[in-house]
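Here's a quick tour of the contacts in this model. Have the structure open as you read.

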Amino acid sequence: MLLRQFLMEWKLYSRDRVAMFWTFLFPLLLLLGLGVIFRSRGPALTLVWSMPAQTTAADAEMERALAQTELILLKLPPVEAERRWERGETAAQIEKAGEGYRIRVNSYLTAQGQSAAQIAQQAFLIAQAKHNGMNIDTLPILMESPGHAHASNYATFLLPGLIGLNLLSMGLFSVGMVNVAYREKGKFRRLAVTPLPKWIFLAGQILHRLTVVILQSFVMLLAGWLMFGITNHGSYVALMLVLTLGTGCFMAMGFALSSFAQTTETYGAISNIFFFPMMFLSGVYFTLDAAPRWLQTAVVALPLSPYIKALRGVFNDGAPLGSHLFGLAVVLAWTFAAFGIAVKRFRWS
Amino acid sequence: MSEPVLRVRGLRKQYPKVLAVDHLDLDVAAGEVFGLLGPNGAGKTTTLEIIEGLTAQDAGEIAIFGMDWKRHGKEIRSRIGVQLQSTSLFNKITPREALDLYGSYYPKRRSTKDLLDLVQLNEKADAYHITLSGGQQQRLAVALALINDPELVFLDEPTTGLDPQARRSLWDVIHHMKEEGRTVILTTHYMEEAEALCDRLAIMDRGRILTSGSPMELVRELELPSVVEFTFDGKAPDASDFARKLNQAVESRGDTWEIPTQDPKSLLPCLLEFAEMEKVPYKQVHVRRASLEDVFLHRTGRSLRE
Ligand SMILES: Nc1ncnc2c1ncn2[C@@H]1O[C@H](COP(=O)(O)OP(=O)(O)O)[C@@H](O)[C@H]1O
Ligand SMILES: [Mg+2]
């Protein structure tokens, strides 16, 4: 009976094109899209050189130093440089300020502008050093993850984040929202007048979602490997354990939240209170290291942040589970709390 | 008399704003088609859903096949069939799959094919539920109520929203249930449906049963068994003046005046004469037997469908 219920869930689920899209296709598109955007270092950075016609020896030294960087140096007379600036085409511009220089960064194009400015500053330091008789060319920068995985690119960082986020959205929407919708439309009521034991219905549903999530994670891992050559650095046992824990935690959250809403509208509001902060504050797409301290600390209390950290640790750096005990304990605590609430409050109508 | 299939005593359900069921007693005997007739909001659905074990009552006892819900819930569930007022299935399940699935929940079940034949859904057996018409969805809901070969079937407004032809074919299905010896409890707010289907019925309003009996008995109980109707072109004029002069109750509804009477034979001649004298611009005159509608009107002062 349980098997039949489980198979029926799969059959009906596979007919739901919208659900299929959000479950399998959307995460892949997101991974592909963001991965490609951040894969290379982007277009070459341009720095506008706005200098009066007469140059000093220091200017010449500076220009030489800049030429040794990867920046494309665009030399323009000040008037023209100003016009280019006003057209909004300039991301960063270096110009004379008294004896020294200053760099103007376009506040609308900070991604390019900041990077160009940083490189220019480095060039300046090198020019200074040379001037003082020191002979250095560059300060090399090496990208490396905490687990010494060298070739880390953005897609590698993103993949575990997206998997974690998917577990959360499956739990909140595919479990929680679906249950509220069933209850609202009275789908449970027709079941409640049959002798089908409730636990079989629920177990069938949970087993189904569990297999969906695991399948989904594997599709994404496979895609990450094929598209970006990302591989699992940890043990597969640890990876499976972490994935199962996440599924359990976020599904329990979905069940628990669904017991607080009678209509899908209320549920939408309630679940978004959890979903959006977690999505933006848990280091899915970007790290929070630039955020205020208190926020970084607070976020650890939400389950997604420590979860993704643990997942990245295992998957990207081959860390043993033991090194993320605290984070995993936070997730486990949420799991038990949510499960307790779900069991206590669950209603059929 | 043998033990009734259903016995309800002192049933009460209070919702925050309304007393939906108010000290209600019911007895339904084996093999009968029993109707709960009443306007929207009378408490029919609430009563049925309490009996079906879906809603908890505030007070009152229910015995189904002599058993109670607390101790024999599973056994009762496997012997009753339920069509809810709105049966919501998965959008993309087909009638065949739905019947197979719900059938799998029961120890004893009828074949999917027989039921599809019975409710004439063969052509749509493999179409997604969401693509079925309202009438087809309703027939599927009725077929689902029969999947476990139940002894007692609950049908909550089985024909509401159906066109006349679809309604007739559902009536046939319900007649068939009776022939097979099932006990049927249905609700409706169509009096002609109650008259056509029910062996016995209870008229319900505001959570109470006003009266019960066979349709014939109920009409006979009315002391005014006939109704004279004047039909007008367009809306009927105000009748109060005419009624006062005639010294007789005249009900103005839509394009007709209804004049209930005990003795149409003596009323009719003087009525016609008087109408002539008053120059009442009526088009037609009919005399008909009083119906359940009139019983309801008489009991509550309101019509079944306002
Ligand atoms: N879940 C509910 N909560 C509050 N009031 C309800 C609920 N269900 C029904 N009612 C009220 O109880 C009364 C009886 O409703 P119902 O049993 O559906 O009547 P019927 O089926 O005869 O149309 C109505 O006034 C309705 O508004
Ligand atoms: Mg109703």
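B:Arg9 and B:Asp27 form a salt bridge, with their closest N and O atoms 2.8 Å apart (a salt bridge being a side-chain nitrogen of Lys or Arg within 4 Å of a carboxyl oxygen of Asp or Glu). The pair links distant parts of the chain, 18 residues apart: B:Arg9 sits in strand β1 (residues 6–14) of chain B and B:Asp27 in strand β2 (residues 19–28) of chain B (strands are DSSP E runs of at least two residues, helices H or I runs of at least four, numbered from the N terminus).

This is a predicted model: local features need pLDDT of at least 70, side-chain atom pairs count only at pLDDT 80 or more, and totals for chains, interfaces and linings use all residues. Residues are numbered from 1 along each chain as its sequence is written, chains are lettered from A and ligands numbered from 1 in the order written, and side-chain values use heavy atoms, leaving out hydrogens and water.

## Bridges involving chain A

Over all chains, the structure holds 33 salt bridges. One of them pairs A:Glu9 with A:Arg209 at 3.3 Å, N to O. A:Glu9 lies in helix α1 (residues 2–14) of chain A and A:Arg209 in helix α8 (residues 198–228) of chain A, so the pair ties together parts 200 residues apart in sequence.

Then there's A:Lys11, whose side chain meets that of B:Glu97 in a salt bridge (3.4 Å, N to O). A:Lys11 is in helix α1 of chain A and B:Glu97 in helix α3 (residues 95–103) of chain B, so this pair joins two chains.
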